[in-house]
Amino acid sequence: MNCLKISKTAAFISVIAILLFAGCSGKNKKDMTNEPAIDTANMDKTVNPGADFYSYVNGNWIKKHPVPDEFSRYSAFDVLQDKNYTDLKSILEESAADTKAAAGSETKQTGDFYASGMDSTKIEKDGITPLKGEFDMIDKIKTNDDLQKEIAHMHRNGIYPLFYVYAAQDEKNSEMIIANLFQGGIGLPDRDYYLSTDARSKEIREAYKKHVASMFELMGDDKTIAEKAAKTVFDIELKLATASLTRLELRDPIANYNKYTPEELKTKYKGYDWAKYFEGIGLAKPGDINVGQPKFFEKQAKLIGEVKIEDWKIYLRWNLIHSEAPYLSSKFVEENFNFYSKSLSGKTKMQPRWKRILNATNDALGEAVGKVFVSKYFPAESKTKMLELVNNLKASLKERIQNLSWMTDVTKKQAIAKLDAMTVKIGYPDKWRDYSKLVVNRDSYVKNMMAADKFNFEFMISKVNKPVDRTEWHMSPQTVNAYYSPNMNEIVFPAAILQPPFFSKDADDAVNYGAIGVVIGHEMTHGFDDQGRLYDKFGNLNDWWTKEDSVNFAKQTAILIEQYNNFKILDTLHVDGELTLGENIADVGGVIVAMNALKSVIKKDGEPKQIDGFTPYQRFFMSFAQVWRMSIRDKELMRRLKEDVHSPGNARVNAVLPNIPEFYEAFGIKASDKLFLSVEKRAKIW
């Protein structure tokens, strides 16, 4: 799967949850079970830790791990996913070999899906033929009514021209699920690529136009017609991009909450038959609908009548092939890779076929794969140890809140109540999802993907106007990541991340608190970052802060914004302190809370002996730093500086630690050191 595309089965996890890390995964299997928790061979001790702690801890690792050809970056997350990839491959190959598995079973469905994707001979023979029926439906469009009917049909199949629709908790009534409309309809990863005048954006625009034209040629159009079609697509997308909010504007949950009844929607956004649309996606009675970006939907409703039907048909053809290209014959897969992976991110080699099919199987049947993964690779004692860590981190954050000098008692009381109400999910769901009604066979890989997309869309949309299922997960157990959901007020740690270098039941406390402890603290403090703080303990959008506390909080976050705005990348670029603010608050908060928890453990159990000549507090910071080690291509770094709400790896270390008093003590940081910040310039939030 193309990592730049929004995951089809969890398309809006970024809306409902705040991730630890944005990225994809894996290279080759790597046995980490016998490695030391901190390998000093990875360090570059010629570097002054007070000048560049990230390189001091990770310098030799980075030198020994240039970005592999199939990657745009290679990180600690990817090293762990390497191992998981091989484990998952074993699971899927066993399932594919079991041709007698019961119909509807996880083994049958995952095995058939994986086998269909690995049958490259049939996929090459079929070419674009499996999509013929879909193209025929587009060709038959003659009126605006036909057009809107087809858009609803495509949405129901997990293909999203014009905009997105999804089911999520009502921001102001977190016990209920409502329908949401969200801006979309563009093929580039961000609206700024269409509008920015910098050289890189212009370069990407031209490459994108050529890519779209090439895809039309692969579908059978001659070069002149294909180039004209690409211009039509780009012109429509440019109109949509112009009406779209920026990524920074999308971070404001209040501005993106605009609830309407079906009648109000019909009145406000004339030109679009919303009743027929919702009926077409299988939601005849949608109830209240949240329109995330009203300006965008005003524009798209008008566009329906302004753009010629023939141009809309070209645009829909593009959306179909763009969505399904990764599952078609090699010429479509390669062209898709050449733009989205090579031009945008600098990859030079495609992932091997088995990894791409594995990713797609995970996307389509996440919990079916995860159920087997957990049974084979997740020890029960890891969950027990994690619960202990989480409880210690909760106690630590509670203590930090109680002792804040800038927060009033009335807000402290509510903050602690929210922390106490925060639920924790570790490893895997208590209730597994049932995929038995999804029809999968070995005949067509792309048809299997489309069937899964439709199945997952209908599962999602069936939740509308129903109470929230608080047992549900929004990430599969085999995912190397973690998240906080402000609406659920919960932190979630999938089984896959509970392995070295993030967690080991056998590692010393300093290492676990510096790695997974910081991750836990990171996710907890998301509940109190610039976005999370706007939600109460029930997960409702509700400002529970006093005005005085809001002002004081803004003063501290302004310090952090300035620090990151001044963090230079690639000579002329810098981190966007506002776009990355939520993650930066959580990074700093996570380290502070985890360090405080480690201190409590050491106070209780006594200070352990040094290991490799390093104190427990030094190992804490070293463990933290090695979690964020990565090699990254310049193109990928430039892309992420524009799109990613997370700071780059070196900033997640070197921009965080100057705010941590214990770092100065542990490594003897002096006023002359580059990472030194005077006390008054440090951010003091949590």
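**Helices, core and loops**

Guide: Let's start with a helix pair: helix 9 (residues 199-218) packs against helix 15 (residues 309-324) at an angle of about 90°, and their axes are 11 Å apart.

Visitor: How should I read those numbers?

Guide: Two packed helices are described by the angle between their axes and the distance between the axes. Here the angle makes helix 9 roughly perpendicular to helix 15.

Visitor: Which residues make the contact between helix 9 and helix 15?

Guide: On helix 9, look at Tyr208, His211, Val212, Met215 and Phe216; on helix 15, at Ile314, Arg317, Trp318 and Ile321. Sorted by type, the residues of this contact are 7 nonpolar, 1 polar and 1 charged.

Visitor: Before I go on, how far can I trust the coordinates?

Guide: Keep in mind that this is a predicted model. Where pLDDT is low, the predicted coordinates should not be read in detail. For this chain the mean pLDDT is 94, with 96% of residues at 70 or more.

Visitor: Where does the pLDDT stay under 50?

Guide: One such stretch is residues 1-16, for which the model still has 43 contacts beyond four places in sequence. Residues 24-33 are also below 50, and that stretch has 34 contacts in the model beyond near neighbours in sequence.

Visitor: Okay, on to the inside. Which residues have the most contacts within the largest nonpolar core?

Guide: Phe53, Phe621 and Trp686 do, in a core of 201 residues. Helix 25 (residues 581-605) supplies the largest share of this core, 12 residues.

Visitor: What does Trp686 touch, leaving aside its neighbours within four places in sequence?

Guide: Quite a list: among its contacts are Arg400, Trp406, Met407, Phe528, Trp545, Phe553, Ile585 and Ile592.

Visitor: Is Gly527 buried or exposed?

Guide: Buried, with a relative accessible area of 0%. Gly527 sits in the loop between helix 23 (516-526) and helix 24 (547-565). Beyond residues up to four places away in sequence, Gly527 touches Lys418, Tyr484, Gly532 and Arg533.

Visitor: Now backbone geometry. Which peptide bond is cis, with omega near 5°?

Guide: The one from Pro500 to Pro501. You'll find Pro501 in the loop between strand 9 (490-494) and helix 22 (509-514).

Visitor: What about phi at Asn465?

Guide: It's positive, near 70°, in a residue other than glycine. Asn465 lies in the loop between helix 21 (445-461) and strand 8 (483-485), and is partly exposed, with a relative accessible area of 37%.

Visitor: And what is the phi of Asp571?

Guide: Positive as well, about 70°, although Asp571 is not a glycine. Look for Asp571 in the loop between strand 10 (568-569) and strand 11 (573-574). At 73% relative accessibility, Asp571 counts as exposed.

Methods. Residues numbered from 1 in each chain as written. Predicted model: local features only at pLDDT ≥ 70, side-chain atom pairs only at ≥ 80, totals over all residues. Heavy atoms only, no water. Core = buried A, V, L, I, M, F, W, Y, C linked by side-chain atoms within 4.5 Å. Buried < 20%, exposed > 50% of the residue type's maximum accessible area, 1.4 Å probe, protein only. Helix = DSSP H or I, 4+ residues; strand = E, 2+ residues; numbered from the N terminus. Contact = heavy atoms within 4.5 Å. pLDDT = per-residue confidence, 0-100. Axes fitted to C-alpha atoms, helices over the stretch in contact; angles between N-to-C directions. Parallel < 35°, antiparallel > 145°, perpendicular 65-115°, else oblique. Nonpolar A, V, L, I, M, F, W, Y, C, P; charged D, E, K, R; others polar.
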